[in-house]
Every structure is written in structure tokens, then in C-alpha cells.
Amino acid sequence: MNRIKEYFKRIFNREPDLPKTVTYKVKKRTWLEILSTMLGILLTLLVIYSLNQNFKIYENIKNSFVKGKHIAVIRINGTISADTNANGESISKALQSAFENEDSQYIVLEINSGGGSPYQAEMVWNEIQFLKKKYPEKKVYALIQDLGASAAYQIASASDFIVVGKTSLVGSIGVIMSNYDLTKMMDKIGVNDRTLTAGTNKAAFSFTKKVTDEQMTYYQNMLNNVHHTFIQYVRDGRNGKLKESDDMFSGLVWTGEQAVQIGIADQIGDMNTIKRELKIDTVKNYTYVNSGFGALFNTAYNDIGRAIGQGFSNSLKEGNTLEIK
């Protein structure tokens, strides 16, 4: 019994006789104080989550007051990927809701993205084309803000009309597959790769193996195929508006003014321009956002950090993430 008392006394009481070393303050903490600190951190995270949820509630309340004819807005921000809010399924759900609502007169895609997954962009492009045929009376506008490049531009090309700012960056119609050759570094530090494979090309483009000429040719042809598909999507979407040149599909990026001149955009303007031209001032946000527990960390700064980390992580994957950007 005395031993149990002594045990709990150690946990919940300070140790008064500790020498005042560098670690004195740390050792002086009791388990109760550590637990209190952890609870404080948890409560802080819950407050952040609550504020985030309140903002969504505010958005939902604001949307509920939107009655009558309006412009349906869907925001596409950040990297287009299956594990971000800008994923094909979420954007498609938002598009369906916007088109199905009898009061929505026009659809506006507010785009601010540097690109991402070819598949996710393809899904959205196809959904826009399907819904346009199903609801031919509803026109789709793409409003490119700071950036509308690669996969984001592919999505924009599915619209009927692309509006850009003079300083918006538009285009980048190209494909990239990141990879690094670490063989010399491994030789220098004495690391050997003992990966086993069944299949001659299973480990092709591994960081730790040399790439043969045949493998390089094969993967370049694969990228070319994706690139040709991307180009065809843009051509079909723009429907004869492009003033094609050798540079148009080289991966270059243009300012909004240049984009209008070469036909990859239609007009300089912003959301106010669209409202005035359509003679509708009421806007309703249809953007589908994940409101699960993961939203707890969905702050602007965290999104930036996650994007940088995700980009670096993807670059180092053995699977060689394919992106159009």
C-alpha cells in the first residue's frame, strides 16, 4: 500500500530536490501538468475546428437566403487531386447541384489552381460536357483568377466562355513526370539496392537503378500520349477559338492579355464584369467542401504547408506521380 502511495506521489507531485540543470524545468513538470498542456492543445485545435465550421455554417445560412434567379459559383482552388477539396468527385457533385437548380441561370467556375491530376481534370471536363448537353439553356463561364494552368486550364476549356484578369497566368498545356537518379549518391555513401522484381520493367525509373534507352523511349511515348489527349480536350472545348502556334502546346504560360490574343481565353474581366454582362447580381456558392474531422486542419497556412509537403513527397515516390502542369 505504501508503494502505491509513493508511486502516485511521484506522478502528481513536484520533485523539490532536483538539481537546477538545463532540464530542470522539464523534469520538474508533473504528469498532471503535462496532461493539462495536452488538453490545452486539444482545446485549441477544437476552437480552430469550431471557427472553421462556423464559417461553413455562415456560408450555408447565407446560401439559404439566396432566392430566385442567381449565378451558381463553384470554386476550384489549389492542387487538383483526389485527396484535396479540388477533386473530380466533389466538383462534379457541385456541378450537378448547380445545373439541377431551376433558379441558377449561369454556372461560373472560379479557378485559382496550377493544375494537378489528369484523371481528376478529365472527370470534371466530361461532367461539364454532359451537363451542358442535358441543360443546353445554361451557359458555363470559367473565371481564371491568379492562376489557371495545366489541369485547371483543361477544366476551364470545357466552359463556354473564359474570363481572365490582365495579370492572370493561363495555359501551361504540358505534362510532367518527376523523377531523380540517385545512383551516384548511393555509390558515394555505400548504399546498395536489394529490391526484387518480377517483370523486366517493374522497377523502371526507380531512383536507384539506371534507366535503359528502351524504357526512356517507352515512358516518353506515354507522356506524349497523355499530352495529345490533353491537347484534344482543349481543342474540343475551345471549339475553333484557338489561334494555334508551335508554342501553344509547349507548356508555356501566358498573361491574361496574351491569352485573349491567342484564343485560349475570351475576355478580360472579373466577377463584377460577369455580373454586369449577365445582368444578375445574386450569387450562390455551390462549392462542395469536405466538412469531416479533417477540416480541423483545413486552414490557409496548413493548406500551403500541405501543398509544399505533398509536392515534395510526390516527387520522391517510386510510383512517379503524373501531373499536367
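The legends below accompany an overview and several close-up views of a predicted model of one protein chain.

**Figure 1. Overview of the predicted protein chain and its secondary structure.** The protein chain contains 11 helices and 10 strands. Of its 325 residues, 39% are buried, and the chain as a whole exposes about 20000 Å², with carbon and sulfur atoms supplying 55% of that area. Among the contacts between residues with a separation of 6 or more, 74% are made by residues 24 or more positions apart.

**Figure 2. Close-up of the aromatic pair formed by Tyr180 and Phe207.** A search of the whole structure finds 6 aromatic pairs. In the pair of Tyr180 and Phe207, the ring centres lie 6.4 Å apart and the planes meet at 50 degrees, so the pair is classed as tilted. The two residues belong to distant parts of the chain, 27 residues apart: Tyr180 sits in the loop between β6 (176-177) and α7 (183-189), while Phe207 sits in the loop between α7 and α8 (213-238). Tyr180 has a relative accessibility of 41% and therefore counts as partly exposed, whereas Phe207, with a relative accessible area of 6%, is buried because its value falls under 20%.

**Figure 3. Close-up of a cluster of aromatic rings.** Three residues, Tyr106, Tyr141 and Phe161, are linked into this cluster by ring pairs.

**Figure 4. Close-up of Lys138 and the ring of Tyr135.** In this view, Lys138 lies over the face of Tyr135, and the distance from the ring centre is 5.8 Å.

**Figure 5. Close-up of a nonpolar surface patch.** Leu35, Leu39 and Leu42 together make this patch, which covers about 270 Å². Leu42, one of the residues that make the patch, is placed in helix α3, which spans residues 31-64.

Figure 6. Lys93 is found in helix α4, which is made of residues 88-100. With a relative accessibility of 34%, Lys93 counts as partly exposed.

Definitions and conventions
Residues numbered from 1 in each chain as written. Predicted model: local features only at pLDDT ≥ 70, side-chain atom pairs only at ≥ 80, totals over all residues. Heavy atoms only, no water. Phe/Tyr/Trp six-rings, centres within 6.5 Å; stacked < 30°, edge-to-face > 60°. Helix = DSSP H or I, 4+ residues; strand = E, 2+ residues; numbered from the N terminus. Buried < 20%, exposed > 50% of the residue type's maximum accessible area, 1.4 Å probe, protein only. Lys NZ or Arg CZ within 6 Å of the ring centre and 35° of its normal. Patch = residues over 30% accessible without salt bridge, like charges linked within 9 Å, V, L, I, M, F, W, Y side chains within 5 Å. Areas by Shrake-Rupley, 256 points an atom, 1.4 Å probe, with all protein chains shown as cover. Salt bridge = Lys/Arg side-chain N within 4 Å of Asp/Glu carboxyl O. Contact = heavy atoms within 4.5 Å.
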